[in-house]
Amino acid sequence: MITLKSEREIEKMAESGAVLAGVHKGLRDIIKPGLDTWEIESFARKYIADHGATPSELGFEGYKYGTCVSINDEVAHGIPRKGLKLKEGDIVKVDLTVNLDGFESDSCWTYPVGKISDEAQKLIDVTKKSLYLGIDQAVIGNRIGDIGAAIQKYVEDEHGYGDVRELIGHGIQPTMHEEPSVPAYGKAGHGLRLKEGMTITIEPMVNTGTWEIKDRLDKKDDWTYYVSSDGSLSSQFEHTIAITKDGPKILTSQGDEIDKKYQL
Ligand code: MF3
Ligand code: CO
Ligand code: CO
C-alpha cells in the first residue's frame with residue numbers, strides 16, 4: 001500500500017535519516033586499506049544504539065547484521081565478516097536502514113579504499129550523479145518512470161555502463177520496503193504518478209560492464225547476495241526522499257554541497 005506522509009512524519013523520518021547519515025559520515029574517516037569489514041558493522045551498530053535507534057536490516061528476512069557491505073564486483077547484500085579486510089584500490093558499498101521511534105530511513109554509499117583506479121573513480125562519480133539526476137525527477141506530477149529514465153539515460157546512453165535491473169528502489173515507511181517499486185531504469189512518462197507525501201528510495205546500482213547480475217549463496221549464513229555477471233566493478237548510491245510541495249527532499253542527507261538544494 002502507498003501511504004502519504006504528513007509533514008510531521010517526514011520530519012521524523014529525517015531525524016532517523018540524520019542518524020543514518022551520521023554513520024556514513026563516520027565511515028568516511030575509518031574506511032581505509034586494512035580495515036576489517038566487521039569494524040564497519042560494529043561502528044554502525046554502536047553509533048545507531050548510541051543515538052537511540054535500531055538497525056532495521058538486522059533480522060530482516062533472516063539477515064544477521066545491521067549493515068550490508070559489498071566489495072568491488074559484489075552488487076548488493078554483501079555480508080560484513082570478521083577477518084574480511086579492505087584492500088588498497090577496492091571500492092566498498094555500505095547499505096543500511098535505521099529505525100528511530102518507528103521511523104525508517106535507508107541509504108547506501110560507495111567508498112574508495114585508499115587510492116583507487118581512474119576507472120573506479122569514474123564509476124563512483126557517474127553513479128552518484130545518476131542518483132541526483134533521479135532525485136531531480138522526484139516531483140509532484142511526474143511519474144515513477146521519469147526517475148528511472150533520467151538515471152538510465154545518463155548511465156547507459158552517456159557512459160556505456162550497466163544499469164542494474166533486478167534490484168530496485170522502493171517506497172519506505174512504515175516498513176523498510178513498501179510500494180511503489182522505484183526502478184533506476186524505465187521510460188519517461190510511464191508508471192505511477194508521484195504525489196505529495198510519498199516517501200521513496202532512489203538507489204541506482206551501476207556496473208562498468210553488463211547490467212546483469214547473478215546471485216551467490218553464502219553457505220555459512222544461508223544468505224543470497226549479488227555480484228555482477230561479468231565480474232565488473234559495481235557502485236551504488238541510495239537516498240531516502242520525500243516528495244513535497246517544495247520539491248524532492250533528501251531525508252538521509254550528509255549535508256554535502258550537492259545535497260543543499262534538496263534539504264528539508
Ligand atoms: N537497505 C536495503 C535496501 O536498500 C535492504 C537490504 S536487504 C537486507 O533496500 F536484508 F540486507 F536487509
Ligand atoms: Co538500502
Ligand atoms: Co533501499
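1. A quick word on terms before we look around: two strands count as paired if DSSP finds at least two bridges between them. Please also keep in mind that this is a predicted model.

2. Three strands, in the order β3-β12-β11, make up an open sheet with antiparallel pairing. The edges are taken by β3 (74-76) and β11 (213-218); each has a single partner strand, so one side of each is left without a neighbour in the sheet. From one strand to the next, the twist averages 45°.

3. Within that sheet, have a look at the pairing of β11 with β12. Strand β12 covers residues 223-228 and runs antiparallel to β11, with six bridges joining the two. Opposite W223 in β12 you will find D218.

4. The loop between β7 (169-171) and β8 (178-182) holds P174, and Q173 has its place in the loop between β7 and β8 too. The peptide bond from Q173 to P174 is cis, with omega near 10°. Q173 also has a positive phi, near 85°, although it is not a glycine. Its relative accessible area is 7%, and since buried means under 20%, Q173 is buried.

5. A cis peptide bond also joins E179 and P180, where omega is about 0°. P180 lies in strand β8.

6. Finally, please check D101, in the loop between β4 (91-100) and β5 (103-112). This residue is other than glycine, yet its phi is positive, near 55°. Is D101 buried or exposed? Its relative accessibility is 54%, and the cut-off for exposed is over 50%, so D101 counts as exposed.

Conventions:
Residues numbered from 1 in each chain as written. Chains lettered and ligands numbered in written order. Predicted model: local features only at pLDDT ≥ 70, side-chain atom pairs only at ≥ 80, totals over all residues. Heavy atoms only, no water. Helix = DSSP H or I, 4+ residues; strand = E, 2+ residues; numbered from the N terminus. Axes fitted to C-alpha atoms, helices over the stretch in contact; angles between N-to-C directions. Buried < 20%, exposed > 50% of the residue type's maximum accessible area, 1.4 Å probe, protein only.
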